[in-house]
Structure formats: structure tokens, C-alpha cells
Amino acid sequence: MRQVFVDTVEEVMETDPRVAVVLAEISRDVFRASPRVVNVGIREQAMVGVGSGLALSGMRPVVHTYAPFLVERPFEQIKLDFGHQDVGGVFVSIGGSYDDPVWGRTHQAPGDVALFDTLPGWRIIVPGHRGEVESVVREALAGDDRVYIRLSLRENARPYPVGPGLTEVRRGPAGVVLAVGPMLEPVLAATEGMDVTVLYATTVRPFDGAGLRAAVAGRRADVLLVEPYLAGTSAHVVAEALADVPHRLRALGVRREAELRAYGTAEDHDSAHDVDVVGIAAAARRFF
């Protein structure tokens, strides 16, 4: 996903003089040298501030690094320099929740989307395959709004349509499973043989409430939400979408109640948080 992102940005930069990239060491070697590729060093707060300054001058900044260094460390600057000043930019992270657990907790950010969700005016996009990244990045670079694109090493088997709405991948009357980004593949495997509707989401903010309402119409309004970050991050928007529809909701994702201190592999983390195929299947059987 990262390479597609880099290739797309570099191609767009050839024809769009607004686009500039701001880095904090990470990915400095994958972008070609250019006056519009600025590496501020290991100074993530400055990275966001420089991006905001570019936006205020009429540029379209692309701010990029690992998720915890992009979102958690400079969160105050994101809130003030972009949000409060109401300027646009494209924030692109790598690392997901725990793509590289060997580096330890410093490189893990399961709370990134939940943090962005506290700020108004951000679009949040979570691609599930490298084949979805180019169109997402091009669309973001062409705009003027605030966008967070969450890239990952984890991928589904194939790309699906991306856009503001939900994509129906499988249909069944027993309930709805809403899979976000790279969680679609384990969800499809976990629900094989179950008579449920599977919806796929890449754009999680703004949330397609109308699409969810349409999916539960005429069937049981039981929703199993499976996200690749903190469990329940999107529970409130699901509840809002179904506010006048009697429904049940179960949310799966990175557990909130305990912090893992044995790093292991990404697959070990999936298992510990019950978001591998076995865990999702068990939750689906109990819920539906």
C-alpha cells in the first residue's frame, strides 16, 4: 500500500504544483528528492505545523509517517493547526494498529481513528487492498478538505470498490457483519456458511448510515462490527444510524481492557484480540 501511495503522490506532483510532502524521517528514502518533499527530522509536531503552514499558503500538504507518530504524538497540532484553523491536508499513516509489533508499543496505534473521531471535519479512509489506494489518494489530493488515510501491511485477497458508501459483498437474512478495510478477508472466512449479509467499508467517516439502514431493512437488525483498530470505534455512528430501529450491536477490534506487553507477531495480536478467523467466527456464532 505504501509504495502505491508514494508512486501516486509523485505522479500527481508532476502536474499539480499545490502538492507537497512533509516527512519526519520515516519514508524519506522512498520519495524522490524534490523541493516539495520536506523532511523535518524526528520532529513530528513540527511536521504537522509545517504542513499547516503549507496549507495556509495555498498548498495541498501530504503529511506522512507511522500512525503513532502521525496521530498520537502531534495530536495537539492536528487539533489546532489544521482543525481550529480550518485548513485542509492529507494525512497518510502506515503501521496500522500493530503491523510491526517487533518494534514494540511505540510503533502501535490502535487508537488513531478514535482520536481523529474526536475532531470535526475529517474524512477517514481505511483501504483494504493496495489496488484501492491509488484512487483514494488521487481523490484526496484533488480536494481541499482534511483527510486521514490509514494504510496497512494487512490486505484482503482482492480490491473492492471504494467510495463514500458501503459495499455489499454477501447477502443473507440472519444479520449484518460490517467489516472495515483489511478485516474483510477474515470476516468472509469466519462467516463462510452463515446466512448473513457482509458489508465492506473503506470510508468510515463520514459513515454511510443510510447504507446500513438499507442493509438491515426487512431482516434482523443485528450488526456485528469488525474494525482493525480499537473495538467499538464506530459503535456510536452505527447506533446513530439505527436510532429508531430496534437493533443489537456487537463490536470487535483491538481490546481496550488490557495492553499486550509480549510483542510477538501481528497474527499473535489478532489472536489475542479475537479478531482472527477463529475469534470472529466464535463471536459471530454466539451473536447470530
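In strand E9, Leu-199 is the bridge partner of Glu-168. Helices (H or I, at least four residues) and strands (E, at least two) here are DSSP runs, numbered from the N terminus. This is a predicted model, where local features need pLDDT of at least 70, side-chain atom pairs count only at pLDDT 80 or more, and totals for chains, interfaces and linings use all residues. Residues are numbered from 1 along each chain as its sequence is written, and side-chain values use heavy atoms, with hydrogens and water left out.

E7 and E9 run antiparallel and are joined by three bridges. Five strands make up an open sheet with mixed pairing, in the order E7-E9-E8-E11-E12. Two strands pair if DSSP finds at least two bridges between them. At the edges sit E7 and E12, each pairing on one side only.

Now for the helices on this sheet. Contact means heavy atoms within 4.5 Å. Axes are lines fitted to C-alpha atoms, for helices over the stretch in contact, and angles run from 0 to 180 degrees between N-to-C directions.

| Helix | Strands | Angle |
|---|---|---|
| H8 (residues 209–216) | lies across E8, E9 and E11 | about 150 degrees to E8 |
| H11 (residues 277–287) | touches E11 and E12 | about 170 degrees with E12 |

Finally, take a look at His-269, in helix H10 (residues 266–272). Leaving aside residues up to four places away in sequence, His-269 touches Tyr-98, Pro-101, Gln-108, Leu-260, Ala-262 and Tyr-263.
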